[in-house]
2 protein chains.
Amino acid sequence: MPKRQVTLDEVAERAGVSRSAASRVINNAPHVSRAKREAVQRAVDALGYVPNATARALATQQAGSVVLAISGEDPALFADPFFAEVVVGISSVLEETDLELVLSLATSRRGQARLEQLLRTRQADGVMLMSLHENDPLAALAQQADVPVVFGGRPRDFEPSYYVDADNRGGARAATEHLIAGGRTRIATITGRLDEGAGTARYQGFQDALAIAGLEASRVAHGEFAEDGGAKAMGELLSRWPDLDGVFVASDQMAVGAMRVLREAGKSVPEDVGVVGFNDISGARHTVPPLTTVHQPIQALGREMARMLLALLAGEQPSPLILPTRLVVRASG
Amino acid sequence: MPKRQVTLDEVAERAGVSRSAASRVINNAPHVSRAKREAVQRAVDALGYVPNATARALATQQAGSVVLAISGEDPALFADPFFAEVVVGISSVLEETDLELVLSLATSRRGQARLEQLLRTRQADGVMLMSLHENDPLAALAQQADVPVVFGGRPRDFEPSYYVDADNRGGARAATEHLIAGGRTRIATITGRLDEGAGTARYQGFQDALAIAGLEASRVAHGEFAEDGGAKAMGELLSRWPDLDGVFVASDQMAVGAMRVLREAGKSVPEDVGVVGFNDISGARHTVPPLTTVHQPIQALGREMARMLLALLAGEQPSPLILPTRLVVRASG
DNA sequence: ATGAAAGCGCTAACAA
DNA sequence: TTGTTAGCGCTTTCAT
């Protein structure tokens, strides 16, 4: 059934040259006469030859692929549109190369084990790792793996050699400063997961801004990243500090929930309470009122991760990258 | 630098057995004595042996991977959270196997060419293909490829042997019938792209419902899938049929735009005009008013695609699958 | 510039 | 139940 594939030998024979000559032509290496070169070329076209990537990988000891690994206990994590965008970015630069993109959602124990193997056996030429949580076993593995690893985002508990991250802290600070600039003084925050780099960075940014302004940064509630988490956290905030007049929410999803609770509590946004989110999800411009939020260049994040990995594969030593975020002012804050 | 990997030979030597015996143990094939089996096992553990997937692939002629290919001219297409969900589904079943998932966004000419190669050279054991548009060259290739191909969604212009699709037509019909049940009689639709299977199926479902009810189905505007497309289409609809009292919109994204225009035109939803969308995106429950829409089981779609491919790889001949959709009634319609 | 030959690490047919 | 042997298709010295 497997229509036998055209091999290099067949090409060589047809072209009347040795296999090594043919091989040289295919990889356009030097030391082949013009005449042979063309003969081989013709044979390739005639036969429809396509090199067998597996055989090549075995011979060269290069897999010809890189993997994007998303760690985390919940498989559904990847459903966050965030990753889709990252993938688009990565994919756009990989498309210029001959590398395949392998996607590894290392979520179950089994998945983790596979990723582990992969790291140890060079089954991929490089790895992009995202969304590690605290004490993720993958971190150690990645560090001592003998393939290049690029981190997307910084893990909370250590600083990898190669990473690209968004300026979460700066973005959060800008968001909070915007609230302050609006004359608000009793500002709260709903944080994201604090066992992740992004979550803590945003929390720090919030603190930075308040510290600089000499305001109190004690109004804090911890939310899970989803909408209901935001709603719940807003409820807590409101019951402890009924007079708050601004809130920086670490994700737009949570901000949506928070605004709902605010509305239900009879507070109007932004008159009574200003709200600023983070991420600039597509829905942010259609909440009522439209959500002021922090935009991060997600596709660029993916692109830069891929570029960095490519640089590493080329033997270079790229510097870590922090991509700027940008405050998008809409009506809510 | 490449820490030389542990080979099967080393394991065999250490265990004091032949390489083939070792191989048999690894693949737990029969014809090995208990004693040897254990010896090999010990050696494997001691040495930390992990088989080289590439070599194995070359020897067995099985790639050990399947690809998810998304066709389309726009790379950003994949940014639609829809795909992320599909990936989660696929990934969850693949995680139980030893297959890797290769992601191929065949968007540029170059990307298409690579996918083509891949199909021709069995560099993957199977392919899942999504979002083909009309006259997509990939269709032909996929059909005659010598690897199993499962389609996600049905292309408009032909019926593949193996596919899993959501019941777009039935969902659209249910949506429209809901509008009818609300007593509306001048119902319009904003279609999606009609060169895709999903777009036409939804349009047909709309027509089905009106035909059965004996209502006129002439109020039609074509939109692109994004929000602005929906807004523009709604504008057209309103200018041609100012008295319309209901509209089925082929995607939630477009529905958001449509509702905006409706509001701007002074029409209230759902009092003056009922609106029903499609997809049940996460934002749908937070539009004002909350959007009535059709939910499709996206993760399940991914799961079933993967399962079907697995079945194919196992030599079975699975039947095509159509997954049910479900109307989610909220306030807008 | 050219070709012969020796692998890359594994599997599988065959003989013992 | 064993081990020997011949590949899988390509790259890459190393002579010529």
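Leaving aside neighbours within four places in sequence, which residues is Thr200(A) in contact with? Select Thr200(A) together with Arg156(A), Arg193(A) and Leu194(A): these are its contacts, where contact means heavy atoms within 4.5 Å. Thr200(A) belongs to helix α9 (residues 197–213) of chain A. Helices (H or I, at least four residues) and strands (E, at least two) are DSSP runs, numbered from the N terminus. With a relative accessible area of 16%, Thr200(A) is buried; buried means under 20%, exposed over 50%, and partly exposed in between (1.4 Å probe, protein chains only).

This is a predicted model, in which local features need pLDDT of at least 70 and side-chain atom pairs count only at pLDDT 80 or more, while totals for chains, interfaces and linings use all residues. Residues are numbered from 1 along each chain as its sequence is written, chains are lettered from A and ligands numbered from 1 in the order in which they are written, and side-chain values use heavy atoms, with hydrogens and water left out.

**Chain A as a whole**

Next, select chain A, which has 12 helices and 12 strands. Its radius of gyration, taken over C-alpha atoms, is 26 Å, well over the 20 Å that the globule rule (2.2 Å times the number of residues to the power 0.38) gives for 333 residues, so chain A is more spread out than a compact globule. Along the principal axes, the C-alpha atoms fill a box of roughly 85 × 40 × 35 Å.

Colour chain A by its domain assignment: domain 1 (8–58), domain 2 (65–164 + 298–322) and domain 3 (168–295). Such bounds come from an automatic or database assignment. The centres of domain 1 and domain 3 of chain A, taken over C-alpha atoms, are 62 Å apart.

**Two cis prolines in chain A**

Go to Pro270(A), in the loop between α11 (252–264) and β9 (274–276). The peptide bond from Val269(A) to Pro270(A) is cis, with omega near 5°. Then move to Pro289(A), in the loop between β9 and β10 (293–295); the bond from Val288(A) to Pro289(A) is also cis, with omega near -10°.

**Chain B**

Select Arg110(B), in helix α6 (residues 109–120) of chain B. Beyond its neighbours within four places in sequence, Arg110(B) is in contact with Glu95(A), Glu96(A), Thr97(A) and Asp98(A). Arg110(B) is partly exposed, at 35% relative accessible area.

Finish at Asp280(B), in the loop between β9 (274–276) and β10 (293–295) of chain B. Asp280(B) has a positive phi of about 55° although it is not a glycine, and at 16% relative accessibility it counts as buried.
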